Amino acid sequence: MHKEGQIVISASELTKTFGDFTAVDHISFEVKKGEIFGFLGANGAGKTTAMKMLIGILSPTSGNASVAGYDIYTQTEHVKQNIGYMSQRFSLYEDIPVIENIRFFGGIYGVGAKELKAKSAALLDKLELTSSAKTLVRDLPLGWKQKLAFSISILHDPQVVFLDEPTGGVDPITRRKFWELIYEAADRGVTVFVTTHYMDEAEYCDRISIMVDGRIAAMDKPAILKEQFQSPTIDAIFTQLARGAKRTAD
Amino acid sequence: MRQYGVFIKKEFKHIIRDKRSLLILFALPIAQILIFGFALTNEIKNTKIAILDLSQDEASHQLRDQLIASQYFELNGDVHDVADVESALLSDQIKLAVIIPENFQNDLSHGNEAQVQLIADATDPNTATTLSVYASAVIRDFQGDINGAYNLPYTITPEVRMLYNPQLKGAYLFVPGVMGMILLLISAMMTSIAIVREKEINTMEIILASPLKPIVLILSKAVPYITISLVNVTTILLISIFILGLPVAGNIFLLFAVCFLFITTAIALGLMISNITDSQQTAMFISLMGLMLPTLILSGFMFPIENMPVPMQVLSNIVPTKWFFIIVKDVMIKGLGFASIWREVLILTGMTLFFLFVSYKKFKTRLA
């Protein structure tokens, strides 16, 4: 269905202002199918705002963008059917069991009853949560909650999944395990758009963009960027770019 | 359709999981109606009184017996002088003292004016007034008996009939009142909290980013609370019929239909509240202050609207519970049909549509 190198996300001059404040300032980029695209930036650089415009819960002030081939202004409904989203703050229902969360989110994304049953069994099996299916989500460790939230966000086989700082608050080993799930999804052809401020995670991405003050300051493969900036780590590049930032983190 | 199904199911799961809220949802109406029914009654029944009979003649004994025979009063021991009366009042043993002066019979039968003094404890003015009115009524009856015996030519006897509520039961007033309060509290407050909670725990974003239509979210949030509210209406009616002895005079289906309408009004209000706030606490606060207080003060349930200053009377028109209160009184107590309540029903329907329209509009803009 999709040919290699097909462009799944494209943004051109995308801008969002809140009053006098320009949160996202004319950003343009493209993401190809199956790519893991890292969206880096300090807190308040505009990552989340940009992402919210792409998933259709915030309307842009100006500029154009399309996701999964659909225009984000006019075809929001189609966009929503073809994406998965995991928000910044961990967001499943803590007071209901694991299996009920899977059923609920699968249900609102329109996964059929029979398919949902098979998929939730497979999901539980993969996350080794089968015996904890009836456990309340609040009783799971944070790392597991995040893995569960990610697995649920791709349960309906979306073309693109948007992850907003998915690994906040967990240790590097747990983060590494989380990224194994991301690779697996990308191998199946799911395009991954992920924001983070952990620089070790940046190295895992196929391509990264670094946002400073609402603008994209640098964008390429991590290795190329390191060469370009003559810097041993992404962290150093980031520090170098962020030093010029006028905005203070919120 | 499937989306509605999973969503409503999830909502019920939330409610069932939260045992404390569940208890409040179902026990609150029962507690309220019983408290209003038995504890907060303003009927006079077996109130302790003292009778100081300084006359001790046939007429005074007759009056004394008549007072005690009424179910309103009960004699609290014997008093022998005014000091006894005072100390009984001060120590809260009695709420009312009746003093029959010396030569009572003599004054009566010789055409002179006979006097009886009523001393009421007016720390609670309403009770004091009611007590003195009741005692006066008994004394008037007594006088009537004597006048009958003497066959006076000129007498005017008012024949009073208390329509719709012949026993003057407080239940006739507070059952519709409590019903309005409970439905408003549960439907509006719980719905707004249920929606705002999704914002607080951030699942709202996920839902907005999903293909789910806002209307599905709104309806799915409403259905569980409509169900619970209808259960509560049934409970309140059962208690009022079988425990408080207050029958439903009108059509029970009409009563349920108007309750359903009012539940919808309350849910629409809850939706509006959920649109203007992001925290559960604020939603609860707005519901309590913005809905409960006006309901208590301006619906006519606690204080008669006719006696209020004109601006308050005008203001009371925007309180939905006022209209619901009128409708329920008409249907439940007076036994009136739809023909008599259509105006109020129309007003409530209009309000509901307005609230729904506003919240739907606001909800849509939040999406964009």
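How many helices and strands does chain A have? In this predicted model, chain A has nine helices and ten strands. The radius of gyration of chain A is 18 Å, close to the 18 Å given by the globule rule for 250 residues, so the chain is as compact as a globular protein of that length. Taken along the principal axes, the box filled by the C-alpha atoms of chain A is roughly 50 × 40 × 40 Å.

Among the strands of chain A, strand 1 (residues 7-18) and strand 2 (residues 21-32) run antiparallel and are joined by eight bridges. Ile9(A) has Val31(A) of strand 2 as its bridge partner. The two strands form a hairpin, with two residues between them. In the turn, Gly19(A) has a positive phi of about 65°.

In chain B, helix 7 (residues 171-200) packs with helix 13 (residues 320-334) at an angle of about 135°, and their axes are 9 Å apart. Helix 7 of chain B contributes Tyr172(B), Pro176(B), Gly177(B), Met179(B), Gly180(B) and Leu184(B) to the contact. From helix 13 of chain B, the contact is made by Thr321(B), Phe324(B), Phe325(B), Val328(B), Lys329(B), Met332(B) and Ile333(B). By class, the residues of this contact divide into nine nonpolar, three polar and one charged.

Conventions. Residues are numbered from 1 along each chain as its sequence is written. Chains are lettered from A and ligands numbered from 1 in the order in which they are written. This is a predicted model: local features need pLDDT of at least 70, side-chain atom pairs count only at pLDDT 80 or more; totals for chains, interfaces and linings use all residues. Axes are lines fitted to C-alpha atoms, for helices over the stretch in contact, and angles run from 0 to 180 degrees between N-to-C directions. Helices (H or I, at least four residues) and strands (E, at least two) are DSSP runs, numbered from the N terminus. Two residues are in contact if their C-beta atoms, placed from the backbone, lie within 7 Å. Ala, Val, Leu, Ile, Met, Phe, Trp, Tyr, Cys and Pro count as nonpolar, Asp, Glu, Lys and Arg as charged, and the others, Gly among them, as polar. Two strands pair if DSSP finds at least two bridges between them. The radius of gyration is taken over C-alpha atoms; the globule rule is 2.2 Å times the number of residues to the power 0.38.
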